[in-house]
Amino acid sequence: FPVTIVTNLVAYNASTDTAIDFTKSNMAYTSLSAGAFTLNGLKDGGTYTLAVQGGTSGICSFTGSNPSGTAFVFKSTNNGSTIATKQTLYTFLVMGTTIYFYMVAGF
């Protein structure tokens, strides 16, 4: 079977929108600080990354649903506070209707 390697031409700039559209790219960033985000366009088996670049510390929360409208369940072992004046990366792994995510703060 042929192997296809997919790369993004660009990461999606969500600007100050709390709705992150992962149909545009599996990598996105926002200039907002930590807060409540709605993730759209995630598919079972996908891996996605969000960079939260705002300068105020806080804890992010996430909601979203699959293409058929079933709400995702978000699970994390380390969802903590972001660091003021530093950027935070969130990685999302979609398995069925569960999304496992991990954060790394301090960039």
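Which residues is F92 in contact with, leaving aside its neighbours within four places in sequence? They are L39, L42, G46, T47, Y48, L50, F62, F74, I99, Y100 and F101, where contact means heavy atoms within 4.5 Å. This is a predicted model, in which local features need pLDDT of at least 70, side-chain atom pairs count only at pLDDT 80 or more, and totals for chains, interfaces and linings use all residues. Residues are numbered from 1 along each chain as its sequence is written, and side-chain values use heavy atoms, with hydrogens and water left out.

**The chain as a whole**

- The chain has nine strands and zero helices; helices (H or I, at least four residues) and strands (E, at least two) are DSSP runs, numbered from the N terminus.
- From the N terminus on, the order of elements is β-β-β-β-β-β-β-β-β.
- A compact globule with 107 residues would have a radius of gyration near 13 Å, and the 14 Å of the chain agrees with that. The radius of gyration is taken over C-alpha atoms, and the globule rule is 2.2 Å times the number of residues to the power 0.38.
- Taken along the principal axes, the box filled by the C-alpha atoms is roughly 45 × 30 × 25 Å.
- Of the 107 residues in the chain, 31% are buried. Buried means under 20% relative accessible area, exposed means over 50%, and partly exposed lies in between (1.4 Å probe, protein chains only).
- Among the contacts in the chain with a separation of 6 or more, 41% are between residues 24 or more positions apart.
- Accessible areas come from the Shrake-Rupley method with a 1.4 Å probe; for residues, only the protein chains shown count as cover.

- Six strands form an open sheet in the order 1-3-5-8-9-7, with mixed pairing. Strand 1 and strand 7 (73-75) stand at the edges with a single partner strand each, so one side of each is left without a neighbour in the sheet.
- Two strands count as paired if DSSP finds at least two bridges between them.
- Strand 1 (residues 12-13) and strand 3 run parallel and are joined by two bridges; N13 has Y29 in strand 3 as its bridge partner.
- Strand 3 also pairs with strand 5 (residues 47-52) in the parallel sense, over four bridges. Here T30 is partnered by V52 in strand 5.
- Strand 7 and strand 9 run parallel with three bridges, and K75 stands opposite Y100 in strand 9.
- Side chains in a regular strand alternate between the two faces of the sheet.
- In strand 3 (residues 27-30), A28 and T30 make up the covered face, while M27 and Y29 make up the uncovered one.

- Strand 8 (residues 88-95) and strand 9 are antiparallel and joined by eight bridges.
- V94 stands opposite I99 in strand 9.
- Two residues lie between the strands of this hairpin, and G96 takes a positive phi near 70°.

- F92 lies in strand 8. F92 counts as buried because its relative accessible area is 0%.
- The C-alpha atoms of F92 and S76 are separated by 9.5 Å, and the two residues are 16 residues apart along the chain.
- T82 lies in the loop between strand 7 and strand 8. With 7% relative accessibility, T82 is also buried.
- Not counting residues up to four places away in sequence, T82 touches A34, T56, S57, G58, T88, Y90, M103 and A105.

**On the surface**

- L89, Y102, V104 and F107 make a nonpolar surface patch of about 380 Å². Patches are made of residues with over 30% relative accessible area and no salt bridge; like charges are joined within 9 Å, and nonpolar side chains (Val, Leu, Ile, Met, Phe, Trp, Tyr) within 5 Å.
- Y102 of this patch is in strand 9 (residues 98-105). Y102 counts as partly exposed because its relative accessibility is 47%.
- The count of salt bridges comes to one, a salt bridge being a side-chain nitrogen of Lys or Arg within 4 Å of a carboxyl oxygen of Asp or Glu.
- The side chains of D21 and K24 meet in a salt bridge, at 3.8 Å from N to O. K24 is exposed, with 52% relative accessibility.
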